[in-house]
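Reader: Before we turn to particular elements, could you walk me through this model by way of a few questions and answers?

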Amino acid sequence: MKEIKIETVLQVYDTVDELPRDVQDLMLKAVESRRNAYAPYSKFNVGAALLLDNGVIVSGSNQENASYPSGLCAERTAIYYAGANYPETALLKMAISATSQNKPTLSPIPPCGACRQAIAEYEVKQNKPIEIYFMGETGKVAMSKSLENLLPFIFDKSAL
Ligand code: THU
C-alpha cells in the first residue's frame with residue numbers, strides 16, 4: 001500500500017482592489033451579472049464572467065426552474081455560452097461572485113462540483129489553464145491558477 005498525498009494551492013486577495021486591473025473589471029462584470037440571476041427558489045444570486053483570449057468577456061448568471069434540476073449555475077451558463085459561440089477561442093480567466101438574498105455572503109464562494117467538472121472539460125480541451133477568481137458579494141477573493149487546484153483527480157477524456 002502506498003499513500004498518495006495531493007496538495008492544492010489558492011491565492012487569497014483581501015479585496016477586489018488588490019486584484020490585477022483586468023481581473024477587477026472581470027469581477028465587476030460578474031457582480032453585474034449576478035443581478036440578472038433568476039433565483040426565485042434559492043434566493044442565491046451568482047454571476048460569472050469569462051475573459052476570452054480574443055479579449056471578449058462573456059457572462060452568465062444562475063437560471064432556476066420550478067423543476068429544480070432543470071436550472072443551471074452561473075458558471076456553466078457562461079462557459080457553455082463561450083463554448084457555443086467561440087469554440088476556437090481559449091478561455092483565460094473566470095470571475096465569480098455570489099450573494100444570498102437572505103444573509104450576508106462575505107467569504108469567497110467556490111464553484112460547485114458540477115461546475116468544476118464543466119470548467120475542467122474546457123481546460124483539458126484547450127490544454128491551457130483557466131484562472132478562477134471567486135468571492136461572495138464583496139470581501140476576500142480566492143484565486144486558483146488552474147481548475148486542477150479545485151478538482152484533484154479529475155475525470156476527463158483520458159479515461160474513455
Ligand atoms: N449556484 C451557482 O450558480 N453556482 C455554483 O457554483 C453554486 C450554486 C446556483 C445554483 C442555484 O441556482 C443556487 O446557486 C443555489 O444553489
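Reader: In this predicted model, is strand S5 (residues 131-135) largely enclosed or largely open?

Author: A residue counts as buried when its relative accessible area is under 20%. Four of the five residues of S5 are buried in that sense, so the rest of the structure leaves this strand largely enclosed.

Reader: What is the bridge partner of Ile132 in S6, and which residue of the hairpin takes a positive phi?

Author: S5 and strand S6 (residues 141-144) run antiparallel, with four bridges joining them, and the S6 partner of Ile132 is Ser144. The hairpin that these strands form has five residues between them, and the residue with a positive phi, near 90°, is Gly139.

Reader: Is Ile4 buried or exposed, and how much accessible area does its nonpolar patch have?

Author: Ile4 lies in the segment that precedes strand S1 (11-13). Because its relative accessibility is 60%, Ile4 counts as exposed, the cut-off for that class being over 50%. On the surface, Ile4 forms a nonpolar patch with Ile6 and Phe153, and the accessible area of these residues together is about 380 Å².

Technical notes. Residues numbered from 1 in each chain as written. Predicted model: local features only at pLDDT ≥ 70, side-chain atom pairs only at ≥ 80, totals over all residues. Heavy atoms only, no water. Patch = residues over 30% accessible without salt bridge, like charges linked within 9 Å, V, L, I, M, F, W, Y side chains within 5 Å. Areas by Shrake-Rupley, 256 points an atom, 1.4 Å probe, with all protein chains shown as cover. Salt bridge = Lys/Arg side-chain N within 4 Å of Asp/Glu carboxyl O. Helix = DSSP H or I, 4+ residues; strand = E, 2+ residues; numbered from the N terminus. Buried < 20%, exposed > 50% of the residue type's maximum accessible area, 1.4 Å probe, protein only. Pairing = 2+ DSSP bridges.
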